[in-house]
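Colleague: I would like to go through this model and ask what stands behind the labels. Please set each value against its criterion.

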2 protein chains.
Amino acid sequence: MGEEEQTEIAMPGNIVLIGKKPAMNYVLAVVTQFNGGAKSVKVRARGNAISRAVDVAEISRNRFVTDAKVDNIAISSEELANEDGTKSKVSAIEITLAR
Amino acid sequence: MGEEEQTEIAMPGNIVLIGKKPAMNYVLAVVTQFNGGAKSVKVRARGNAISRAVDVAEISRNRFVTDAKVDNIAISSEELANEDGTKSKVSAIEITLAR
């Protein structure tokens, strides 16, 4: 690989972190990364945003990056510190799309 | 194992469909199926319940059925008919836990 490709292509783990915005905002981010030469994009979310992450992956792959496939899906539990010092467990998902 | 267990064990696809109840209700259903002899349990959800499905899988596997692993996770899009006759696409997930 040439040096000019290093930024996009050499990074196997382009990540889109899903928050509370509408799904299409994150779909745009996924599509932009693929159009920039990424071979794979990871869609990550925690808690209630997990449903949106699945929407983002499905919309991206069905409507915009139709040659992308779901390469892997991993779920996990993460421990978060609350403001009062207690800890909560929250589920997380990472969906890897690859073309 | 006796014949009365056949109903559980012969069914490779024991399914728990996630709705709007608290996650622990569904965790109990998953644990009950494993305790009844099931080798694998599928946790299914659509739309906003997807996040809860991940919670159910994580809680079941980390706290109650600690020898169970995530065997497979599949995401898909389903088309639902609205009450006014229009159609909406909704994302779905199926998490297969197996011991």
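Colleague: What makes E2(A) and strand E4 (residues 87-98) of chain A a pair, and in which sense do they run?

Modeller: This is a predicted model. Two strands pair if there are at least two bridges between them. E2(A) and E4(A) have seven bridges and run in the antiparallel sense, so by the criterion of at least two bridges they pair. Within this pairing, A:Arg46 stands opposite A:Ala92 in E4(A).

Colleague: How do you know that strand E1 (residues 14-17) of chain A pairs with strand E2 (residues 40-46) of chain A, and in what sense?

Modeller: Four bridges link E1(A) and E2(A), in the parallel sense. The criterion asks for at least two bridges, so the pairing holds. A:Val16 has A:Val43 of E2(A) opposite.

Colleague: Why is the crossover from E1(A) to E2(A) called a β-α-β crossover, and what is its hand?

Modeller: Between E1(A) and E2(A) the chain passes through helix H1 (residues 23-35) of chain A, and the crossover is right-handed. The term right-handed applies because, with the strands pointing away from the viewer, the path from the first strand over the helix to the second runs clockwise.

Colleague: Why are E1 and E3 of chain A called edge strands?

Modeller: The four strands of chain A form an open sheet in the order E1-E2-E4-E3, with mixed pairing. E1 and E3 of chain A each have a single partner strand, so one side of each has no neighbour in the sheet. From one strand to the next, the twist averages 20°.

Colleague: What packs on that sheet, and at what angles?

Modeller: H1(A) touches E1, E2 and E4 of chain A, and its direction makes about 170° with that of E1(A). H3(B) also packs on the sheet, touching E3 and E4 of chain A at about 70° to the direction of E3(A).

Colleague: In which order do the strands of chain B lie, and what makes E1(B) and E3(B) edges?

Modeller: The order in chain B is E1-E2-E4-E3, in an open sheet of mixed pairing. Strand E1 (14-17) and strand E3 (69-81) of chain B have a single partner strand each, so one side of each is without a neighbour in the sheet. Here the twist averages 20° from one strand to the next.

Colleague: How many bridges join E1(B) to E2(B), and which residues are partners?

Modeller: Four bridges join E1(B) to strand E2 (residues 40-46) of chain B, and the two run parallel. B:Asn14 has B:Val41 as its bridge partner in E2(B), and B:Ile15 has B:Lys42. With H2(B), these strands make a right-handed β-α-β unit. E2(B) also pairs with E4(B), in the antiparallel sense over seven bridges; there B:Arg44 stands opposite B:Glu94.

Colleague: What makes the relation between the chains a two-fold axis?

Modeller: Chain B is superposed on chain A by a rotation of 180° with 0.0 Å of shift along its axis, at an RMSD of 0.0 Å. That is the relation of a two-fold axis. In chain B, B:Ser51 comes closest to the rotation axis, with its C-alpha at 2.7 Å. The same surface serves both copies, as 100% of the contact residues of chain B recur in chain A.

Colleague: How do you know which elements line the largest pocket?

Modeller: A lining residue has an atom within 4 Å of a pocket point. The lining has 49 residues, and those nearest the centre are A:Gly47, A:Asn48, A:Ile50, B:Ser51 and B:Arg52. E2, H2, E3 and E4 of chain A each supply at least two lining residues, as do E2, helix H3 (49-64), E3 and E4 of chain B. H3(B) gives the largest share, eight residues. The volume of this pocket is about 1,000 Å³.

Definitions and conventions
Residues numbered from 1 in each chain as written. Chains lettered and ligands numbered in written order. Predicted model: local features only at pLDDT ≥ 70, side-chain atom pairs only at ≥ 80, totals over all residues. Heavy atoms only, no water. Axes fitted to C-alpha atoms, helices over the stretch in contact; angles between N-to-C directions. Least-squares fit on C-alpha atoms with pLDDT ≥ 70 in both. Contact = heavy atoms within 4.5 Å. 1 Å grid on protein atoms, 1.4 Å probe; cavity = no way out; pocket = protein on both sides within 12 Å on 5 of 7 lines; lining within 4 Å. Points joined across faces, edges and corners; volume = space filled by probe spheres on them.
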